[in-house]
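These are my notebook entries on a structure that I looked up. I record each item in the order in which I checked it.

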Protein chains: 2
Amino acid sequence: MKNIQDILKSAPKAKQRSFKKGSIIQSAGDLKTVPIYVKKGLLKSYLIDNNGKEHIYMFAPENWIIGDLEAIQYQQPAQLFIECIEDSEVIAFEKDCLFNTQLDNEQLAENAQTLYRRIGRLQRRVLMLMGATAADRYQYFLETYPELPNRVPQKMIASYLGIMPQTLSTIRKKLASPK
Amino acid sequence: MKNIQDILKSAPKAKQRSFKKGSIIQSAGDLKTVPIYVKKGLLKSYLIDNNGKEHIYMFAPENWIIGDLEAIQYQQPAQLFIECIEDSEVIAFEKDCLFNTQLDNEQLAENAQTLYRRIGRLQRRVLMLMGATAADRYQYFLETYPELPNRVPQKMIASYLGIMPQTLSTIRKKLASPK
C-alpha cells in the first residue's frame, strides 16, 4: 500500500515547491486552487471575516493536506488564505489523483480512509466550536496537533480554538503549574 | 454508476428499519454505531453539552447519510444523539461497504466524491461558526437544506446555526417583508 506522498510522486500534475516563512500561497478570491501536501514545514489556512478579523481554520504540519476543499469541490472562488508559518516544502496536486481509476481497489479503499479521518476530525471541530469549554478546546488542540504547542504562537492557537488569547494563557498556566 | 441506495441494497450487512417521530436511535455513549442512510423522513444529530444544552450538529432529510463518523472511524463511544424529527425509514450500513474492494474503480472514485462533498460542507460549517453573521448563517442553512425551512421548528434551526431563536425570528421576518 502506498502512502500519499508515494502516490503524489507518480501523479503527472503534482508540483513540488518551496516557500519562505510568511509566504501567502493562496488568497481568498483565487479562482484556481488545489490541495497541498506538506512535505516539510508548517502552514495555516484562515478566513478574514467582514470585520477584518482572522479566524484560523486549520494548521498543517508535515504529512497533512491543506486546501480550500469547498472551493475545489464546488469550483468556487477560495474563501481561505493559506500562509507558511515556517519555511515549507509542499506538493501541490489535483485532488482526483487520490481517486484515479488507475489505482487499484485496495489503494482506493485505503485513500478513502484518509477522507473518513478528515470528516471525523471536522465533526469534532464543529462540536467543539458549538459546545466545548475553553479548556476542552485546548485539550482537543493538543490531541490533534501534539507537535505544535511550542511551534505556534499562542495568539494563533487561540484563533484556531475560537477563544481569547488571555483565556488560553490562563489555561496553559494552570496546566503547567504543579497540582 | 450506482447511487448509494443501490449499493446498500446489495450490501450484506445493511438493514432497513422504520422509526416513529421522536425515536432516539443512537445515544451518546453508545459503543457500536453505524452510519445511517435516510430513505424517507428526517433525522437530526446533536450533542448535549456539560450544561445540558442541546447543539444540533446536522439534519438529515431524504438521501442524506447521518452518523457519528468520529466514533465510527476512531472506534470511540458516540458523542452524538440521533433522533427522528419525522416518521423515518432508514438503512443502517457498514461504512466500508462504500469502499468495498469488490466495487469497481469508477464506483470507488464516485463514492469518494460523496466524501469530498461532505468535507466541503463541513469546512463551510466550521467557517460559519467562527466568522459569519447570524444572517449569513441562515443563508447557509437555506442553501444547504432548501427543503427544510418549513419542516423544522425555528428553535432547532437556531440551535444548528449557533444563534438565539429570537435572532433567527428577526432575520426571517426581515426576509419575509416586502422591500
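Which residue stands opposite Tyr46(B) in E5(B)? I found Ile56(B) in that place. I note at the outset that this is a predicted model, in which local features need pLDDT of at least 70 and side-chain atom pairs count only at pLDDT 80 or more, whereas totals for chains, interfaces and linings use all residues. Residues are numbered from 1 along each chain as its sequence is written, and chains are lettered from A and ligands numbered from 1 in the order in which they are written.

**Entry 1. Sheet with E5(B)**

I took helices (H or I, at least four residues) and strands (E, at least two) as DSSP runs, numbered from the N terminus. Two strands pair if DSSP finds at least two bridges between them. Strand E4 (residues 43-48) of chain B is joined to E5(B) by six bridges, and the two run antiparallel. I then traced the open sheet of four strands in chain B with the order E2-E7-E4-E5 and antiparallel pairing. Its edges are strand E2 (24-26) and E5 of chain B; each has a single partner strand, so one side of each is left without a neighbour in the sheet. On average, neighbouring strands of this sheet are turned by 30° against each other, direction ignored.

I also looked up what lies across E4 and E5 of chain B. H5(B) does so, running at about 100° to E5(B). H3(A), from chain A, also lies across E4 and E5 of chain B, at about 140° to E5(B). For these angles, axes are lines fitted to C-alpha atoms, for helices over the stretch in contact, and the angles run from 0 to 180 degrees between N-to-C directions. Residues are in contact if their C-beta atoms, placed from the backbone, lie within 7 Å.

**Entry 2. Sheet with E3(B)**

An open sheet of four strands in chain B has the order E1-E8-E3-E6, with antiparallel pairing. Strand E1 (15-19) and E6 of chain B stand at the edges with a single partner strand each, so one side of each lacks a neighbour in the sheet. I went through the pairs in turn. E1(B) and E8(B) pair in the antiparallel sense over five bridges, and Ser18(B) stands opposite Glu89(B) in E8(B). E3(B) and strand E8 (residues 88-92) of chain B run antiparallel and are joined by four bridges. Strand E3 (residues 36-40) of chain B and strand E6 (residues 65-66) of chain B pair in the antiparallel sense over two bridges. Tyr37(B) stands opposite Ile91(B) in E8(B), and the bridge partner of Tyr37(B) in E6(B) is Ile65(B).

Is Asn63(B) buried or exposed? I counted a residue as buried if 20 or more other C-beta atoms lie within 10 Å of its own, exposed if 12 or fewer, and partly exposed in between, with C-beta atoms placed from the backbone. With 12 C-beta neighbours inside 10 Å, Asn63(B) counts as exposed. Asn63(B) lies in the loop between strand E5 (54-60) and E6 of chain B. Although Asn63(B) is not a glycine, its phi is positive, at about 75°.

**Entry 3. Helix packing**

Helix H4 (residues 134-144) of chain B and helix H5 (residues 154-161) of chain B pack at about 110°, with their axes 10 Å apart. That makes H4(B) roughly perpendicular to H5(B); angles under 35 degrees count as roughly parallel, over 145 as roughly antiparallel, 65 to 115 as roughly perpendicular and the rest as oblique. I found the contact to be made by Arg137(B), Tyr138(B) and Phe141(B) of H4(B) and Ile157(B), Tyr160(B) and Leu161(B) of H5(B).

The contact takes 36 residues from chain A and 36 residues from chain B. H3(A) supplies the largest share of the side of chain A that touches chain B, 20 residues. I recorded 16 nonpolar, 11 polar and nine charged residues on that side of chain A. Here Ala, Val, Leu, Ile, Met, Phe, Trp, Tyr, Cys and Pro count as nonpolar, Asp, Glu, Lys and Arg as charged, and the others, Gly among them, as polar.

How are the two copies related? A rotation of 180° with 0.0 Å of shift along its axis superposes chain A on chain B (RMSD 0.0 Å). The two copies are thus related as by a two-fold rotation axis. The superposition is by least squares on the C-alpha atoms of residues with pLDDT of at least 70 in both copies. Of the interface residues of chain A, 100% are also interface residues in chain B, so the copies meet through the same surface.

Conventions
Contact = placed C-beta atoms within 7 Å.
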